[in-house]
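Let's take a look at this one together, starting with the ligand and then moving on to a sheet.

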Amino acid sequence: MKIRSKLPHVGMTIFSRMTNLANENRAINLSQGFPDFDVDPLLIDLVGKYMHQGFNQYAPMPGVQPLREKIAEKQQKMYGANYDADREVTITSGATEALFAAITTVVNKDDEVIIFDPAYDSYGPAVELCGGKPVHVRLAHPGYSIDWDRVKQSISSKTRLIILNSPHNPTGAVLKPEDTAELSKIVEAHDLYILSDEVYEHIIFDGKKHESISGRPDLAARSFVVSSLGKTYHATGWKVGYCLAPENLTEELRKIHQYLTFSTNTPVQMAYAEFLDHEDRYLDLGAFYQKKRDLFASKLKDSRFRIVPCHGSYFQMLDYSDISDLPDMEFSKKLTIEHKVASIPPSVFYRDGDDARVLRFCFAKKDETLEAAALRLCGI
Ligand SMILES: Cc1ncc(COP(=O)(O)O)c(C=O)c1O
């Protein structure tokens, strides 16, 4: 029997493909976005503690109460946002599940969804699985800012949702207050929902402040705000994220969450609830990664790569136009096979490809990993 694919254009993700290629070629893997350093031992001890205390069965469907409360408190402290821990905070199996559930909550057949290219790869397929149509709007190279006139031109009577991501993967761009002001006018005029992917909220540099959509009541009232404890606490493999949304949206989102996963890992949720008291761990994250960004850039200063400014996230884009005319997919493969450094070709984050001759490198790595990779890149 031949299966009728629901996602005929989708294959194995670029992250798995590049990681496989890196492993086959024993290359330094700066492709996939995960740290190569350890989780805080205190957090690991807390997971063990809650396992020993018997927190090993299903968590409540919306997430354990102490974690929902701590997240609501943190959101208030960081951004002045008011979310009710019982009715407006949902713990999910990573941000990925929250994104999927939020999209499924509001997108119906033939609805259009604005997605900014380059875009994290899970948004488009989730929209398509709901029978919706992704409408791609390009971020302007090289600054990757949002062209709001283009956004206005892309809106139709069918537009239902706009998906934002700041700090941005793969470009490192961040939203500015002017962006949220423009966004506010547009969503109000066209009555749109917002899905704000803020998984890198604490990884922002050079004194910039994260513009959380949760911090603007007019926007928060029509938004799903998604974050990832895996990204914040260097524990991407534990897959715990969350979604903040007003009660009416959360009620519908939870109907989907309960049949997607029902609930997520109980002892890890309990451990995060206690660990969130250590505010320094997330407040210092920007400085921690800024040092890594700067180390990587300084080690590349004599290379033929050009550094694209990175204001947040843990990705550095490098322009290789002085080295090669190859398209980014070919150049990143060549770099992995011949020079033993794996990266991600950003063209895969565009619906129609891209030829800006840049590659994305993840700098969530030990200093020695970054130094070794930079040394190889300087040899090109
Ligand atoms: C922009 C963005 N959103 C969401 C995710 C997924 O987060 P999680 O691992 O919590 O599912 C990632 C992971 O790389 C990401 O880069």
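## Ligand site and a sheet

The ligand's space is the second largest pocket (on a 1 Å grid over the protein atoms alone, an open set of points with protein on both sides within 12 Å along at least five of seven lines, where a 1.4 Å probe fits; a molecule sits there if more than half of its atoms lie within 2 Å of the grid points). Keep in mind that this is a predicted model, where local features need pLDDT of at least 70, side-chain atom pairs count only at pLDDT 80 or more, and totals for chains, interfaces and linings use all residues. Residues are numbered from 1 along each chain as its sequence is written, and side-chain values use heavy atoms, with hydrogens and water left out.

Around the ligand there are 13 residues, and Asp197 and Lys239 are among the closest (a residue counts if one of its heavy atoms lies within 4 Å). By class, this shell holds five nonpolar, five polar and three charged residues. Helix α4 (residues 94-106) gives the largest share, four residues (helices are DSSP runs, H or I, of at least four residues, and strands, E, of at least two).

Here are some polar contacts, meaning pairs of N or O atoms within 3.5 Å:

| Side chain (N or O atom) | Distance to a ligand oxygen atom |
|---|---|
| Thr96 | 2.5 Å |
| Tyr200 | 2.6 Å |
| Ser228 | 2.7 Å |

Taken alone, the ligand exposes 400 Å², and the protein buries 92% of that (Shrake-Rupley method, 1.4 Å probe).

Now the sheet: three strands make an open one, ordered β9-β10-β12, with antiparallel pairing (strands pair if DSSP finds at least two bridges between them). β9 (306-307) and β12 (358-362) are at the edges with a single partner strand each, so one side of each has no neighbour in the sheet. Two bridges link β9 to β10 (residues 315-319), and Arg306 sits opposite Asp319 in β10.

Note on methods. Polar contact = N/O pair within 3.5 Å; in protein donor to acceptor, adjacent residues only side chain to side chain. 1 Å grid on protein atoms, 1.4 Å probe; cavity = no way out; pocket = protein on both sides within 12 Å on 5 of 7 lines; lining within 4 Å. Nonpolar A, V, L, I, M, F, W, Y, C, P; charged D, E, K, R; others polar.
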